[in-house]
Amino acid sequence: MCEHHLLPFHGRVHAAYIPRGRVVGLSKIARVIEVFARRPQVQERMTAQIADLLIDELDAHGVGIVVEASHTCMTMRGVKKPGSLMVTSAMRGSFKTDQATRSEFMSLVVSR
């Protein structure tokens, strides 16, 4: 739900992490994403909050988050551009500092 317009936005969250020993079930990551997605939110902040929580709580070497979403405020009001996507990303740890790690993650996201 967009906090500016109180209209929904729908999309996908691509999440990756490199564990530092502790590995969590995939459902836990999905639950974290759901918690942030259910709040009135702006996509940019939601992307950063997911990345920050995962890097802190998992003590991971790195976390990469990419969010692709279609915003109702852009498709039904204002500019009326159906099919337009907003893409945001947040890279933490090795995903931010290591070009090869970031490139591998992004190549997997783009191929979807």
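The model is predicted, so local features are reported at pLDDT of at least 70 and side-chain atom pairs at pLDDT 80 or more, while totals for chains, interfaces and linings use all residues. Residues are numbered from 1 along each chain as its sequence is written, and side-chain values use heavy atoms, with hydrogens and water left out.

The protein contains five helices and three strands; here helices (H or I, at least four residues) and strands (E, at least two) are DSSP runs, numbered from the N terminus. Along the sequence these elements follow the pattern β-α-α-β-α-β-α-α. Of the 112 residues, 36% count as buried, where buried means under 20% relative accessible area, exposed over 50%, and partly exposed in between (1.4 Å probe, protein chains only). The accessible surface comes to about 6,800 Å², with 56% of it belonging to carbon and sulfur atoms; these areas come from the Shrake-Rupley method with a 1.4 Å probe, and for residues only the protein chains shown count as cover. Among contacts (heavy atoms within 4.5 Å) between residues at least 6 apart in sequence, 65% join residues at least 24 apart.

Three strands form an open sheet in the order β1-β2-β3, with antiparallel pairing; two strands pair if DSSP finds at least two bridges between them. Strands β1 and β3 (86-93) stand at the edges with a single partner strand each, so one side of each has no neighbour in the sheet. From one strand to the next, the twist averages 10°. Strand β2 (residues 62-71) pairs with β3 over eight bridges, and Ile65 stands opposite Ala90 in β3. Helix α2 (residues 43-58) packs on the sheet, where it touches β1, β2 and β3, and its direction makes about 25° with that of β3. For such angles, axes are lines fitted to C-alpha atoms, for helices over the stretch in contact, and values run from 0 to 180 degrees between N-to-C directions.

Val13 counts as partly exposed because its relative accessibility is 28%. Beyond its neighbours within four places in sequence, Val13 is in contact with Ile33, Ile65, Val66 and Val67.

Next come the cores. A nonpolar core is a set of buried Ala, Val, Leu, Ile, Met, Phe, Trp, Tyr and Cys residues joined through side-chain atoms within 4.5 Å. The largest has 19 residues, and those with the most contacts inside it are Tyr17, Ile50, Leu54, Val63 and Ile65. Two or more residues each are given to this core by β1, α1 (26-37), α2 and β2, and the largest share, six residues, comes from α2. Apart from this core lies another, of five residues, among them Val66, Met91, Phe95 and Phe105.

The whole structure holds one aromatic pair: Phe95 and Phe105 are edge-to-face, at 5.5 Å centre to centre and 85° between the planes. Rings of Phe, Tyr and Trp (its six-membered ring) pair if their centres lie within 6.5 Å; planes under 30 degrees apart count as stacked, over 60 as edge-to-face and the rest as tilted. Phe95 lies in helix α4 (residues 94-97) and Phe105 in helix α5 (residues 99-110), so the pair ties together parts ten residues apart in sequence. Phe95 is buried, with a relative accessible area of 4%, and Phe105 counts as buried at 7% relative accessibility.
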